[in-house]
Amino acid sequence: MKQKDQNIKERVIKKLELLADYQAKKAILNKETDKLSESVAKGKESEEIAYLKAKLQNKQ
Amino acid sequence: MTAEPQFKKPDDLLNEPLFGPDKSAVTNSIKQNRFQPALETVKRDGFSPSDLKEIETAADKKTGEITGTQPKPDKPFSVDQSRTALDKTLRHDVKRYGTLFSPAVQASNETLRKVAFTKEIIEDLKRRIIQAKSLAGKTRKSKVVEALLLPFMAIYGILKSHKLKNNLKEIQELYKMANLPNSPFGLPTQLQADKISPQRGSWALLATGTAHTGLYVAGGTAAVAGFGLPLAIGYLVGIIGSIFGYRNAGKTRNELLKLEGMVNLADHHINQIESGCQNLNTAYETSGVNALAELSSGKKNMMN
């Protein structure tokens, strides 16, 4: 009986560890995604790049 | 002397175990996505098997919410099932991150390829402008010699004018290829200056050179025949033509200098774009690599 109790405790701990781990990784991913979205938005703002791309695309 | 009190940061407090073996506090904590304090509390002894079962149900329910896979009634997830479901969800999120990341990098790389193409044209333009400047200078000098009544130099003038004309044509073609007119780089709409345009400027040089030769030949023939006036007229027209040719070659040279300045400016801007794209790529790469590295190290920990 004691072994069974110990098993359930270990299982619960493992499951909570998995959830905590998922949450930590998800937080990293969200942070990186925000950073990336910001960079993409800044990249889109560059008129020079847009101009050059458009002009050269017409020529190729 | 007393030590200053040490205050914990809010993040540390959030991760601290909840007080006592309180089953409701733990299940509430799970519901509120505060897994770390729930975990720390469960690690302490004091929960009965029935408490632990309720906590497990709460954890399974949360895993189901996150992954979209609910456990069957009265049959909790196994640890492996939880791990697989959470891992799959995380992979899906990473993939979404990848789709956001990839078009930006592709666009940036595409711009870099175009920058390289434009840089080649600009290099060629610079080289040809230097050649044309030298040819314009030589043409100008040849007109001075022409004016000093050395008829054979008219041939030299024609040859230089012809070479200059071809060079200017190349410059015009390259300029069109780079398609830089109306650009934010401050280049003019067209190759201004009939002085630079092969159709006008150098044709004029060529035409005056040809006219000179004809007139010198006519003048020389007339002189042999003993006619002084046609000789004088022939030389006079030749000198006037040389003066125009001299001025035209000078203007061509000045326009080439202006064009050179503008091309250098374009070169500067294109280098800035290139370095901007490279920085952007590095930033994407770093953030992507950081995210994936952290995720993969987290995954390893999870597996251990």
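Where do Asp21(A) and Lys25(A) both lie, and how many residues apart? Both sit in helix α1 of chain A, 4 residues apart, or about one turn of the helix (helices are DSSP runs of H or I with at least four residues, numbered from the N terminus). This is a predicted model, where local features need pLDDT of at least 70, side-chain atom pairs count only at pLDDT 80 or more, and totals for chains, interfaces and linings use all residues. Residues are numbered from 1 along each chain as its sequence is written, chains are lettered from A and ligands numbered from 1 in written order, and side-chain values use heavy atoms, leaving out hydrogens and water.

The side chains of Asp21(A) and Lys25(A) meet in a salt bridge at 3.5 Å, N to O (a side-chain nitrogen of Lys or Arg within 4 Å of a carboxyl oxygen of Asp or Glu). Both residues are buried (under 20% relative accessible area; exposed is over 50% and partly exposed in between, with a 1.4 Å probe and protein chains only). Over all chains, the structure holds 12 salt bridges.

Another of these pairs Arg11(A) with Glu56(B), with the closest N and O atoms 2.6 Å apart. Arg11(A) is in helix α1 (residues 2-45) of chain A and Glu56(B) in helix α4 (residues 49-67) of chain B, so this pair joins two chains. Arg11(A) is partly exposed at 27%, while Glu56(B) is buried at 2%. Arg11(A) and Glu56(B) also belong to a salt-bridge network with Lys15(A) and Asp60(B).

Within chain B, Arg127(B) and Asp124(B) form a salt bridge at 2.5 Å, N to O. They are 3 residues apart in helix α5 (residues 79-147), about one helical turn.
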